[in-house]
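Take a look at the structure below.

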Amino acid sequence: MKQISYNKYALYEYFVLEKYEAGIVLEGAEVKQLRAGNCNLKDSFCLLKNGELILKNLHIPLYDKAGAFSSKDSKRDRKLLMHRRELDKLAGKINEKGFTIVPLSLYFSGSLIKAEIALCKGKQNYDKKRTIAERDQKRALDREIKNYK
């Protein structure tokens with residue numbers, strides 16, 4: 001399992017409650033760009049529309065050698081593929097206040113490209129400050145352990 005891209009910003013902004021794996025519908029030129037590691041997940045999010053899960057704002061730059069066969073929009077909406085019961089479960093949870101679906105990472109599973117998505121709840125400012133403080137404490141503790149050895 002080779003990771004293509006990871007969304008660190010999502011862990012800062014949201015509490016991750018559940019993780020899911022979803023396939024993603026792509027064009028050939030987009031796959032070539034992902035194999036080169038070119039994509040940005042930072043501002044992307046997922047919507048449930050007409051019983052389908054849509055990934056919005058995933059930036060995959062245009063492939064310059066694709067010619068007339070590449071789409072002209074690098075931030076187009078992309079469909080995510082999941083089982084119907086998983087989509088129904090997500091639909092029920094999303095209707096509650098404060099929940100959203102955020103992509104955490106893109107990776108290769110064999111020759112297929114998969115997206116790891118998560119059901120998340122937004123953090124308040126004091127939660128974000130606590131996360132930063134815990135990260136700094138862990139870093140200091142790791143530094144002390146390293147110096148002790």
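Asn 50 is exposed, because its relative accessible area is 75% and the cut-off for exposed is over 50%. The model is predicted. Most residues other than glycine have a negative phi. Some residues here have a positive phi, among them Asn 50 and Asn 57.

**Positive phi in asparagine**

- Asn 50 is not a glycine, yet its phi is positive, at about 55°.
- Asn 50 sits in the loop between strand 3 (45–49) and strand 4 (52–56).
- Asn 57 is also a residue other than glycine, and its phi is positive, near 65°.
- The loop between strand 4 and strand 5 (78–81) holds Asn 57.
- Asn 57 counts as partly exposed, with a relative accessibility of 28%.

**The buried side of helix 2**

- Helix 2 spans residues 28–35, and its buried residues are Ala 29, Glu 30, Gln 33 and Leu 34.
- These residues cover an arc of only 140° around the axis, so they lie on the same side of helix 2.
- An α-helix has 3.6 residues a turn, so residues three or four places apart point the same way.
- What covers the buried residues of helix 2? The cover includes strand 1 (2–6), strand 5, strand 6 (99–109) and strand 7 (112–122).

Technical notes: Residues numbered from 1 in each chain as written. Predicted model: local features only at pLDDT ≥ 70, side-chain atom pairs only at ≥ 80, totals over all residues. Heavy atoms only, no water. Helix = DSSP H or I, 4+ residues; strand = E, 2+ residues; numbered from the N terminus. Buried < 20%, exposed > 50% of the residue type's maximum accessible area, 1.4 Å probe, protein only. Arc of directions from axis to C-beta. Contact = heavy atoms within 4.5 Å.
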